[in-house]
Amino acid sequence: MKKLFFSMIALFVVYFLLKGVLFLFRGNTVYRYEIMNNGNVITVEEKRYAKTKQTSEYYDFHVQIDESSYQFRLWKKDLQGHQHFIQDVEQISTEKYTCYLPIFQDEKILTDMVCEDTSTKILYPYHDIRLQDTKLDAIVDESYLDQLQKFMPQTDGSKTQSSLDVSNTLPQAFSKIGMSTYRGLTIVDMDGSVNVITLFASDHYDQPLHAFTQGYYFVANYDESYDFQTLYFVNLSTAKVDTITMPVKISFDSYIQGIVGNRIYIMDRSNRVQYYFDTEKQLMYKCDNEEGMIQYYNGEEFENRNIYDALNEDLYFISSSLERESEEEILDWDETSNYYYLWKKDGDHYQVYRSLDDSLEQMTYLFDTTTRFAIYQEDGVIYQNGNEIWYVSDTVGTKKILENKELEFNDTITYGIVK
């Protein structure tokens with residue numbers, strides 16, 4: 001009898017161990033459940049996507065209330081538990097908008113209320129349409145303002161450091177942001193501290209040979225004349241500056257064609273040579289090209305192109321994120337988040353929208369911007385609008401990071417982040 005008892009205990013232990021292993025290594029899963037709200041049935045579908053090399057674990061939620069529905073995505077790090085995350089969904093309807101506010105376990109509000117425009121069917125975070133519908137604002141002010149205020153773009157001011165106005169309250173979605181300057185670069189920590197790194201003895205206003213990549217800053221030594229033989233490679237996390245001396249001189253009549261993997265490709269017009277800098281080995285290499293040809297990245301693979309294509313005008317590589325482009329629209333796909341971003345041209349501005357898939361049947365408005373460049377993260381976007389750098393995400397809202405007045409006058413100033 002005693003032996004049978006211990007055998008039963010062992011079987012139970014093995015059973016729960018196997019169940020735990022299967023849970024840890026389970027693939028994509030779907031959960032469906034219903035919630036009752038004042039006699040209405042809310043149907044929720046949760047699609048879990050397992051972690052891959054490119055993306056972290058995340059969930060897509062599809063919420064159906066009567067004839068209306070909407071979808072959104074959240075990352076596992078923002079959720080508690082393993083399934084059935086949504087406890088309730090508040091719905092507010094006016095003539096202009098139909099709004100949804102999901103309530104998660106323990107009555108937590110993790111995302112801003114999202115509002116569908118009844119005419120365009122575009123989704124807007126509530127903080128973007130506040131003051132555009134007095135009826136909606138009155139309802140929010142009475143019942144939800146305290147919970148939604150954290151998503152709004154107001155700040156508690158800023159402080160001026162090294163020609164930058166840095167917000168006192170900074171998003172914690174990444175650790176540092178670096179911005180190029182006329183004499184080097186400035187690194188802003190998300191705790192508010194600022195580190196100025198001087199690389200050049202004098203100001204250099206035009207610096208096309210610089211780039212941020214994978215937490216590093218690459219820049220030619222602009223104190224040299226006509227040609228450069230040294231360059232700087234700065235670790236944004238540690239502020240360590242490596243000075244790299246090359247065995248050859250590269251003309252300043254050069255430009256960066258693009259970054260593919262750990263390689264920064266440079267076209268030297270004067271010497272008719274294509275180079276790449278290996279960021280891991282921290283060495284410059286001459287590309288092994290056929291006579292009269294160069295390597296060109298078309299967004300998917302390298303192909304041979306005539307060298308005159310890169311000499312007569314700037315021939316930039318196609319970004320691997322670019323899905324399609326026309327005169328009116330640009331569609332990007334970000335592999336770290338599986339989001340599609342639609343940039344719609346509106347004069348000298350872009351209106352930027354996000355979609356869960358390339359059908360673009362449901363689009364969420366994110367921001368307006370004067371600049372095409374943005375940094376996609378799995379749960380947010382860092383972007384520039386005029387002189388200002390902003391961060392937008394579902395769980396944070398829209399938050400200003402810093403302002404740099406020089407951005408208005410110099411489009412060669414660039415920035416990068418450390419996650």
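The following legends describe close-up views of a predicted model.

View 1. D268 has V273 of strand 20 as its bridge partner.

**View 2. The hairpin of strand 3 and strand 4.** Strand 3 (residues 58-65) runs antiparallel to strand 4, and eight bridges join the two. Y58 lies opposite W75 of strand 4. Two residues separate the strands of the hairpin, in which D66 adopts a positive phi near 55°. Strand 4 (residues 68-75) is mostly covered, with six of its eight residues buried.

**View 3. The largest cavity of the structure.** The structure contains four cavities of 30 Å³ or more, and the largest has a volume of about 220 Å³. Its lining comprises 20 residues, with D112, V114, R354, T364 and D394 lying nearest the centre. At least two lining residues come from each of strand 4, strand 8 (123-125), strand 28 (364-369) and strand 31 (388-393). By class, the lining of the largest cavity consists of eleven nonpolar, six polar and three charged residues.

**View 4. The second largest cavity.** This cavity holds about 50 Å³ of space. Its lining residues include R73, L74, W75, R354 and D394. Strand 4 contributes the most to this lining, supplying three residues. The lining of the second largest cavity divides into three nonpolar, one polar and five charged residues.

Technical notes
Residues numbered from 1 in each chain as written. Predicted model: local features only at pLDDT ≥ 70, side-chain atom pairs only at ≥ 80, totals over all residues. Heavy atoms only, no water. Pairing = 2+ DSSP bridges. Helix = DSSP H or I, 4+ residues; strand = E, 2+ residues; numbered from the N terminus. Buried < 20%, exposed > 50% of the residue type's maximum accessible area, 1.4 Å probe, protein only. 1 Å grid on protein atoms, 1.4 Å probe; cavity = no way out; pocket = protein on both sides within 12 Å on 5 of 7 lines; lining within 4 Å. Points joined across faces, edges and corners; volume = space filled by probe spheres on them. Nonpolar A, V, L, I, M, F, W, Y, C, P; charged D, E, K, R; others polar.
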